[in-house]
Each structure stands twice: as structure tokens, then as C-alpha cells.
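Dear colleague,

Please find the structure below, handed over for your own work. My notes on its side-chain contacts and its strands follow.

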Amino acid sequence: MENYLTFTVDNHLYAINVKSVLEVLNLSVPTAVPCALPYIEGLIYSRGQGITVVNLRRRFSLPDQVADKRTKIIVVEMRIKADNSGNETVILYGLVADSVQDVIQTYEEEKIEDAECSIPKEFIAYAFRWNENPLFILDFNKLFEEHAKLNLLQTVSSSETQNLT
């Protein structure tokens, strides 16, 4: 049994494990980041930490939509191995969702195969049947892989530069 936070993007139901969720925020305008990937909205700050805001509609190659009062930012943390020593880097992401629904419990035996989805399948870890509809569990590694690699490269190169001075 696992607990998931469910949310909608383009009228489809998605979920992420609650273990990765730090908080849910009302939508705020992020600070733009020059030369960012097209789906990166910018940066926001919460509780003294910088959070990279990811527009899920753009990440999934879906049309943009005007935000409303239901639009939320789901703050999640991703842990990635920084090097072979086992050290981890924590990156905070804010996922812009059309709406946030509920926390639900799912069971392994509720998994379904070959559910139809409007986003690239590479971003889906697996699907469940929930209230007679498919519920898609996102694959964090695939979703953030490109940005995380760039972030690690910047972290490594800046620490190498500091070691030289």
C-alpha cells in the first residue's frame, strides 16, 4: 500500500508519492531564469529555499492554459547521486498543476497495463484504476532527468572553480 497525492493536468488524473511532497502552494509568479529549459517557469522561494518551477503542461507538450484559483504548485524533492561517493544532492521542484485533488491509498494489485494517456509514456511509471478511470503515477527520474543533469553539471563545475581559487 502506498499513499499518493493526486492532481490534474489537462483533465487527466496524475499522482506522485506523498513521500516526495513537501507542500502545496497557491500559484505565484516565479522569477524568470535566463537560458532555462522551455518548461522551466523560473524560481520561487518558500521557507528560505529556492524552488525550480516546472510547467507540467509544457513538459508534457500540452497547450498552455490560463491559470485560475485552482492552479497550484506542488513542491517536491528529488534526491540524486552527485558522484560515486554516494553523496546526494537534493533539488526542489514546484510542479504547476491545474488542480490538486486528494491523498489516496493504492495497492499493488490495482495496477493496470496499457492505459491510454495523452502524455509521453516515458513520464509514466505505472497506472492504477481509480474510480473507474486510469490514474497515472509519474516517473520523477524521467520527468526531471534533463534538468537534474544540468543542475549537477553546474554544481560540480562551480565547486571545481572554488577549489581552484
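Phe-128 has 3% relative accessibility and therefore counts as buried (buried is under 20% relative accessible area, exposed over 50%, and partly exposed in between, with a 1.4 Å probe and protein chains only). This is a predicted model, in which local features need pLDDT of at least 70 and side-chain atom pairs count only at pLDDT 80 or more, while totals for chains, interfaces and linings use all residues. Residues are numbered from 1 along each chain as its sequence is written, and side-chain values use heavy atoms, with hydrogens and water left out.

The whole structure contains six aromatic pairs (rings of Phe, Tyr and Trp, the last by its six-membered ring, with centres within 6.5 Å; planes under 30 degrees apart count as stacked, over 60 as edge-to-face and the rest as tilted). One of them joins Phe-60 and Phe-123, whose ring centres are 5.8 Å apart and whose planes meet at 40°, so the pair is tilted. These two residues lie 63 residues apart in the chain, each in a loop, and both are buried. For Tyr-126 and Phe-128, the centres are 5.4 Å apart and the planes at 85°, so this pair is edge-to-face. Tyr-126 is partly exposed, because its relative accessibility is 26%.

Lys-111 lies over the face of Tyr-126, 4.0 Å from the ring centre (the criterion is NZ of Lys or CZ of Arg within 6 Å of the ring centre and within 35 degrees of the ring normal). The charged end of Arg-59 likewise sits over the ring of Tyr-39, at 4.3 Å from its centre.

Phe-7, Tyr-14, Phe-60, Phe-123 and Phe-136 make up one aromatic cluster. Phe-7 stands opposite Tyr-14 in S2. Strands S1 (residues 2-9) and S2 (residues 12-17) pair in the antiparallel sense over six bridges (strands are DSSP E runs of at least two residues, helices H or I runs of at least four, numbered from the N terminus; two strands pair if DSSP finds at least two bridges between them).

There are seven salt bridges (a side-chain nitrogen of Lys or Arg within 4 Å of a carboxyl oxygen of Asp or Glu). Among them, Asp-10 and Arg-57 meet at 3.7 Å, N to O. Asp-10 is in the loop between S1 and S2 and Arg-57 in helix H1, 47 residues apart. Arg-57 counts as buried because its relative accessibility is 6%, and Asp-98 is linked with both residues in a network of salt bridges.

With kind regards
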